[in-house]
Structures are given as C-alpha cells and as structure tokens.
Amino acid sequence: MTIGLIGGLGVGAGIHYYRELAAAHDDARQPLRLVMNHASISTATGYASAGDRKGLADYLASLLSELKAAGATLGVIPAVTPHLCIDELTPITPLPVIDITRVVSDEVQRRKLSKVALFGTRFVIESDMFGRLSGVEIVRPREPEIAFIHDAYLRLAQTAIVTDADRQRFVALADTLQKRDGVEAILLAGTDLAMMFDASNTPFPHLDCARAHIDAIMRATTGSIR
C-alpha cells in the first residue's frame, strides 16, 4: 500500500506525519511507500472560513487525484479542520481516506472519556469536531479562550514555530478547564499541536489526535502500531 500524504496544511504537521510514519515503518521492518502533494493552507482555510464544504472537498479531491496518479493507494489528510468536508469528500475522492474524526471518536470511546475539551481551530472547537464525537460531553472554552486557541494554533500551523509564551498559555488554559469545568482530558484536535506537545512533555491529561491518526494509518498499511 502506498500512502498519499497531503502536506502543507500546515507544513509542520506534514513533516511530523512523515517522520512518525517513517519511524513506525522502520520499527515494523517494512518499507515506507509514500508520495506527497503540497496543499495551500490559505486556500483550505479560505474554504473553511466561508463554510464552503463543497469547494474544500473539490480542492482536496483534486490533490488526491494527483496523488493517485503518482501511485498512491491510500489518502491521508494530516489535519483536522479539512475534515469538516468529509461527507462531501467521501463520494468523490479517488482514494480511500482514513477519517481522523472517526479515529478520534473511537479512541475517546476506548478510553471511556465522558467530558473533554478541544484545542484546535475555531472551526473545530465551535462545531464540537463537526458533531462527530458521540457519547461524550464536550466543554467549549469561553470566547476569549477560543480566540487565543485559534490564533495561536494558526500561528503554529503557518510558521511551524513553537513559542514558550503560547505553550505556557495552553498549559494554563488546560488547567483552568480541568478545575473550572471538570474536563477529564484535552483533545489536541489540531495536528500541528504535535510540534508543541508530546507524551513526554504534556503536563495535563490529553488525547493526541495526530498520534491516534498515525496509529490508524499504520494499522491500515502494515497491521502494526508504534
């Protein structure tokens, strides 16, 4: 199976997926077969901001078509926000796509989480991950908190630069959501957050959506996870 990875949504997340998939394939002693196509984050964000799901789906389908022409047999979109059009994309995609929202929903159920909050773009937070998380209470941060999360996340996605100030504010906000709202875990529902937080440096209960997605990709391609 050859992975077709859409990069650029942002660049840091694409690099993270490539690095982790390469390491996981090495661990599994299997060759990584991967082709990549670069997307425009501003184009994708423009469709999302306008609520144009069809336009976004058509854009992603065109990128997936190019990946298929390059030999890909499985499509990977290493970002949460573009999945807002997954219902529109599924009927027209030329490649099967592993839906990160379904992967995360399954992982929430597996961990038996009952109350969570999301860190990611405004589109993800205000839609409760597009209404795809079932059987769990989702606490939305307050409006000034959402504004910070969204703006800080876009800075990270567009620059791939982690700042200590933003990291400290994310950590403080996670603490607030736990103490004030009784949140059990924070869903890192923006794949670029993997540049800022990992299993070794995250001081709050969390679900790394990028990690769950990568594990699902590995199960599909090799039958193993890292």
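In this predicted model, strand S1 and strand S3 (residues 74-76) pair in the parallel sense, with three bridges between them. Leucine 5 stands opposite valine 76 in S3, and glycine 4 has glycine 75 as its bridge partner in that strand. S1 also pairs with strand S2 (residues 34-38), again in the parallel sense, over five bridges. On that side, the bridge partner of glycine 4 is valine 35 of S2. Going from S1 to S2, the chain passes through helix H1 (residues 11-27), and this β-α-β crossover is right-handed.

Put together, these strands give an open sheet of three, in the order S2-S1-S3, with parallel pairing. S2 and S3 are the edge strands; each has a single partner, so one side of each is left without a neighbour in the sheet. From one strand to the next, the twist averages 25°. Strands of a sheet pair through backbone hydrogen bonds, and they can do so either parallel or antiparallel.

How many of the five residues of strand S1 are buried? Five of the five in S1 (residues 3-7) are, so the strand is largely enclosed by the rest of the structure. Ile3, Leu5 and Gly7 point one way from S1, while Gly4 and Ile6 point the other way, and all are buried. Helix H9 lies across S1 and S3, and runs at about 175° to S3.

There is another open sheet, this one of four strands, with the order S5-S4-S6-S7 and parallel pairing. Its edges are strand S5 (137-138) and strand S7 (206-208), each of which pairs on one side only. Further in, strand S4 (residues 115-119) pairs with strand S6 (residues 185-188) in the parallel sense over four bridges. Valine 116 has alanine 185 of S6 as its bridge partner. Helix H9 (residues 209-221) packs on this sheet too, touching S6 and S7, and its direction makes about 45° with that of S7.

H9 turns up again in the helix packing. Two packed helices are described by the angle between their axes and the distance between the axes. For H1 and H9, the angle is about 45° and the axes are 11 Å apart. The two helices are therefore oblique to each other, and their crossing is right-handed. On the H1 side the contact is made by His16, Tyr17, Glu20, Leu21, Ala24 and His25. H9 contributes Ala210, Arg211, His213, Ile214, Ile217, Met218 and Thr221. An α-helix has 3.6 residues a turn, so residues three or four places apart point the same way.

Is aspartate 215 buried or exposed? This residue sits in helix H9, and with a relative accessible area of 14%, under the 20% cut-off, aspartate 215 counts as buried.

Helix H5 (residues 100-110) has a buried set made up of Ile100, Thr101, Val103, Val104, Ser105, Glu107 and Val108. What do the buried residues of H5 pack against? Their partners are H1, S6, S7 and H9. After H5 comes lysine 112, with a positive phi near 60°.

A couple of other backbone spots deserve a look. Most residues other than glycine have a negative phi. Arginine 29, in the loop between H1 and S2, has a positive phi near 55°. Methionine 129 also has a positive phi, near 55°, and its place is in the loop between helix H6 (122-126) and S5.

Terms used. Residues numbered from 1 in each chain as written. Predicted model: local features only at pLDDT ≥ 70, side-chain atom pairs only at ≥ 80, totals over all residues. Heavy atoms only, no water. Pairing = 2+ DSSP bridges. Contact = heavy atoms within 4.5 Å. Axes fitted to C-alpha atoms, helices over the stretch in contact; angles between N-to-C directions. Buried < 20%, exposed > 50% of the residue type's maximum accessible area, 1.4 Å probe, protein only. Right-handed = clockwise from strand over helix to strand, strands pointing away. Parallel < 35°, antiparallel > 145°, perpendicular 65-115°, else oblique. Left-handed = near helix turned anticlockwise from the far one by under 90°.
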